[in-house]
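Welcome, and please load the model in your viewer. We will go from one selection to the next and see what is there.

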Amino acid sequence: MSEIATLTYESACTRIEDVIRRLDSGEAGLRETLELCQEGRRLVEFCAGELDAVAQGLEELRLDELVARLEAGSRPGATAQAAQAA
Amino acid sequence: MLEPAPRPDGIPGSRLSGPWPVGDYAAALRDRLRGFKRVQVFGEVFGLKVGRAKVWFELRDSSGALPCSMWRKDWDALGLESLGDGSVVVAAGGCDFYAGSRASSPSFSFAVTKLRVAGEGDLLAQVERLRRALAAEGLFEPQKRLARPSLPRTIGVVSGEGGKARDDVLAGLRRRGWAGRIVWAFAPVQDRHAAPAITRALQDLAACEEIEVIVVARGGGSLADLFAFCDETLCRTVALLRVPVISSVGHHTDRTLIDDVSAVACSTPTHAAEAAVPVDCGEARAQLRGLAARLEHRSRLAIVERARVLARLSRAPADHVARHRARLHQQGRELRASGRRGVAEATRHTSTTALVLERKARAAAGAERVQRGRDLERLAMALAAHEPQRTLERGYALVEDPAGEPVTSAAAAREHATLTVRLHDGTVSVRPQPYREES
């Protein structure tokens with residue numbers, strides 16, 4: 001879990017490529033293969049999560065709104081006012 | 001040394017003085033020109049040439065032009081890289097004349113001792129000086145060393161509130177298929193309040209932990225308009241921010257100082273937005289699906305291949321036994337067939353041998369009988385030769401005891417009361433006399 005916590009999208013993609021290259025080489029034993037597949041699935045899920053996070057719909061905030069929300073300790077929500085409207 | 005030329009006669013009818021040696025006149029002209037009042041003139045620079053000792057250029061305006069020269073050390077002191085044609089300058093100095101000689105041409109120039117770049121040129125010179133100072137301090141590098149996320153969730157944008165740059169940024173993000181969170185920090189982008197406001201906006205955005213990258217966007221304008229983005233404090237702030245800054249200020253021909261200190265400089269706000277999200281989300285999603293499919297395929301294949309091997313291995317002993325059983329059956333069949341063939345062969349051989357023997361026996365029967373007859377005859381003759389009767393016939397007699405056993409010694413004969421003497425034609429009973437020692 002701690003590995004996932006420090007992952008970035010690009011490092012996860014790079015690692016997936018490495019995993020697939022290793023699997024394609026046919027040199028991995030059964031245990032390693034299963035572990036690699038498990039790790040690969042975890043990474044794919046992570047990347048999919050990252051992509052989902054930037055596909056929720058554009059949310060526009062003004063800096064002062066963000067600061068106010070952060071100071072209030074609440075997570076900025078979907079009610080963010082579009083800058084256009086502001 | 002050449003002798004001075006003799007003074008020629010003047011032009012007949014002319015009322016002018018002379019003729020004077022031209023060198024004298026040139027020297028007088030030089031002295032007269034140097035006597036002109038020293039002034040400041042301004043105009044546009046053209047054809048600047050930097051030599052080893054001097055710098056030459058022309059100053060022009062709509063009504064005239066002046067050839068100018070400047071000592072190289074004075075020029076270097078200005079700290080100017082160069083001056084493009086059309087740069088407006090103010091030059092201080094006075095007239096000078098090089099009188100020339102028999103081997104060199106004379107030349108006139110306005111000898112510049114001080115120079116100041118005016119108008120935009122002035123601004124450019126300032127920018128250039130600051131650029132060199134920032135570069136010398138290594139402030140162009142820190143931003144470029146920052147890691148830029150390929151898929152930021154939150155992007156900060158500094159731009160003018162009503163400008164076109166804002167729409168361009170949104171268009172760039174849409175093109176990437178990105179729909180995360182944008183935090184706008186609107187600021188004036190071209191008056192005297194611009195630089196401090198932009199600096200503050202950048203600092204505030206960078207202070208929000210959520211913000212992973214900042215775009216500074218402004219459309220085109222004159223150098224004076226864009227000068228806020230060359231502000232020293234602003235540029236030093238950008239250089240030391242923890243968040244990567246992507247700048248897009250002015251047109252692609254403009255190069256403001258923020259472009260130098262930022263992580264990436266883009267020609268348009270749209271490109272800046274694309275640089276802020278290097279990953280095309282649509283493509284990335286498709287690519288990820290492909291990777292996931294490959295992963296699943298590999299995973300399945302690894303299991304299936306091994307299961308096949310295991311199945312083959314588990315079948316192997318049974319297959320082995322079956323193979324041996326089949327071989328044994330075959331060998332049994334071959335053995336039986338071979339036995340049958342052997343018996344038949346032996347029977348045939350025996351029959352043949354018997355037949356041959358029979359034939360041989362039949363063939364040998366006649367001769368053998370004759371031979372055997374002869375042998376018998378010979379044996380009979382041999383037996384006859386040993387017959388006691390024949391010995392008796394030759395005059396010998398055989399003494400037998402009453403039991404009919406031959407008596408072979410005198411002592412034995414004395415033991416019996418009667419004896420029989422067998423001659424060849426019959427027997428005679430005899431009674432032995434008592435034994436008398438011969439004297």
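Are Arg131(B) and Asp260(B) buried or exposed? Select the two: both Arg131(B) and Asp260(B) are buried, where buried means under 20% relative accessible area, exposed over 50%, and partly exposed in between (1.4 Å probe, protein chains only). This is a predicted model, in which local features need pLDDT of at least 70 and side-chain atom pairs count only at pLDDT 80 or more, while totals for chains, interfaces and linings use all residues. Residues are numbered from 1 along each chain as its sequence is written, chains are lettered from A and ligands numbered from 1 in the order in which they are written, and side-chain values use heavy atoms, with hydrogens and water left out.

Stay with this pair. Arg131(B) and Asp260(B) form a salt bridge, 2.6 Å from N to O; the term requires a side-chain nitrogen of Lys or Arg within 4 Å of a carboxyl oxygen of Asp or Glu. Because Arg131(B) sits in helix α3 (residues 119-136) of chain B and Asp260(B) in helix α9 (residues 257-261) of chain B, the pair ties together parts that are 129 residues apart in sequence. Helices here are DSSP runs (H or I, at least four residues), as are strands (E, at least two), numbered from the N terminus.

Next, select Lys164(B) and Asp168(B). Their salt bridge has its closest N and O atoms 3.1 Å apart, and both residues lie in helix α5 (residues 164-175) of chain B, four residues apart, about one turn of the helix. Asp168(B) is buried at 18% relative accessible area, whereas Lys164(B) is exposed at 59%.

Now move to chain A and pick Arg22(A), Glu27(A) and Glu32(A), which salt bridges with shared partners join into one network. Over all chains, the structure holds 28 salt bridges.

Colour chain A by secondary structure. Of its 86 residues, 37% count as buried.

For the last stop, show Leu30(A), Leu34(A), Ile303(B) and Val304(B): they make a nonpolar surface patch of about 290 Å². Such patches take residues with over 30% relative accessible area and no salt bridge, joining nonpolar side chains (Val, Leu, Ile, Met, Phe, Trp, Tyr) within 5 Å; accessible areas come from the Shrake-Rupley method with a 1.4 Å probe, and for residues only the protein chains shown count as cover. Leu34(A) lies in helix α3 of chain A and is partly exposed, at 37% relative accessible area.

Key. Patch = residues over 30% accessible without salt bridge, like charges linked within 9 Å, V, L, I, M, F, W, Y side chains within 5 Å.
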